[in-house]
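Dear colleague,

I am handing over the structure we spoke about, and below it you will find what I noticed when I went through it. Please keep it open beside this message while you read.

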Amino acid sequence: MGNFNTIQAAKRRRWKSVDLMTNKNPTNATHEGIKTVNADNRCDFSTSSDLCICIVTWNMNGKVSDGDLVELVGRNRKFDLMVVGLQEVPRNNISRLLQSVLLETHVLLGKVILQSLHLYVFGPTNSELFIKEFKVDKHSVGGCGGIIGRKKGAVAMRINYKGIRMVFISCHLSAHARNVDERNSECRHISHSLFSKYRNPYSRPDQVTIWLGDLNYRIQGIKTFPARNLIEKDLHKLLTGKDQLLQEAERGQIFNGYCEGTLTFKPTYKYNVGSSNYDTSYKVRVPSWTDRILFKIEDPKEINATLHCYESVDDIHSSDHKPVRAHLCLKLSR
């Protein structure tokens, strides 16, 4: 069960500077790392939860088709909100295409775009009535990424929906296995910078923070063919110990106190476009879980969170990345 009642509640404090990665003053944060949780695949939609959220992240590699988007959002629409974070988005009108795919069940509540970085939130018809606060922000990192349609940075939304204060952050961080420190720095910089213009030392902290995107952390310490042999034998769980994201969080560098579903699916990058075969170019890259969804519940005594799904969408072949999808349900303590 992905139940988080056992997570120790963070002490409620108000800081003049709040880190969206920890919701605390960064100089006082304690080191927890990322908590790995199992997904409970049974969701009693709208009966045992106050809010169910479907979260999807996908690096599109500059290509899209209507069929891809249908597969991306899925045919099971038993959720309240759908959060879609996209990277390397083509110049097509993705907003219109997504609205068309979701037309029968959900409407667009808001979006934020930074060149090839997009974030969309959809909700049921008339769900605007449940929104008490809605803000967007964006922050770029690096220099020339946007010129070639691979903008690095983050786009974010802050929303109070049904009385739950949430932040969604979709990011695309620097590439290449060697750039771990650069990715760590980008995470921290994005976290400190987003919504800084709205910062109020007396406001209540966000109750739920969700990061999604192409974080670009790689598998290291193993060569590509031994790694692929493990994946072919369905033993890819043995690679999680070599995952840079989990390693850096364990060192206290990033994502302190966040949760992530168990990595039961195969690494989502890099594939040959048009197939489910890993990279056969001259680089023969080590397969890696570059695409991730992480979440943090500020006070588990206030909100009980259950993860019902954490999976890759393997039937999409137009990109060198596979999308990742999560289903998270929240229940307010009363």
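Which residue takes a positive phi in the hairpin of β4 and β5? Before the answer, please bear in mind that this is a predicted model. The residue is glutamine 115, with a phi near 55 degrees, and the hairpin has 2 residues between its strands. The two strands, β4 and β5, run antiparallel and are joined by 8 bridges, and in this pairing valine 121 of β5 is the bridge partner of glycine 110.

The next part is helix α2, which spans residues 94–101 and in which Ile94, Ser95, Leu97, Leu98 and Val101 are buried. These residues lie on the same side of α2, because they cover an arc of only 165 degrees around the axis. As background, an α-helix has 3.6 residues a turn, so residues three or four places apart point the same way.

Lastly, please look at aspartate 320, which sits in the loop between β12 (303–312) and β13 (324–332). Aspartate 320 counts as buried because its relative accessible area is 8%, which is under the cut-off of 20%. Its side chain makes a polar contact with the side chain of lysine 270, at 3.4 Å. Leaving aside residues up to four places away in sequence, aspartate 320 touches Asn61, Thr268, Tyr269, Lys270, Tyr271 and Val273.

Terms used:
Residues numbered from 1 in each chain as written. Predicted model: local features only at pLDDT ≥ 70, side-chain atom pairs only at ≥ 80, totals over all residues. Heavy atoms only, no water. Buried < 20%, exposed > 50% of the residue type's maximum accessible area, 1.4 Å probe, protein only. Helix = DSSP H or I, 4+ residues; strand = E, 2+ residues; numbered from the N terminus. Arc of directions from axis to C-beta. Pairing = 2+ DSSP bridges. Polar contact = N/O pair within 3.5 Å; in protein donor to acceptor, adjacent residues only side chain to side chain. Contact = heavy atoms within 4.5 Å.
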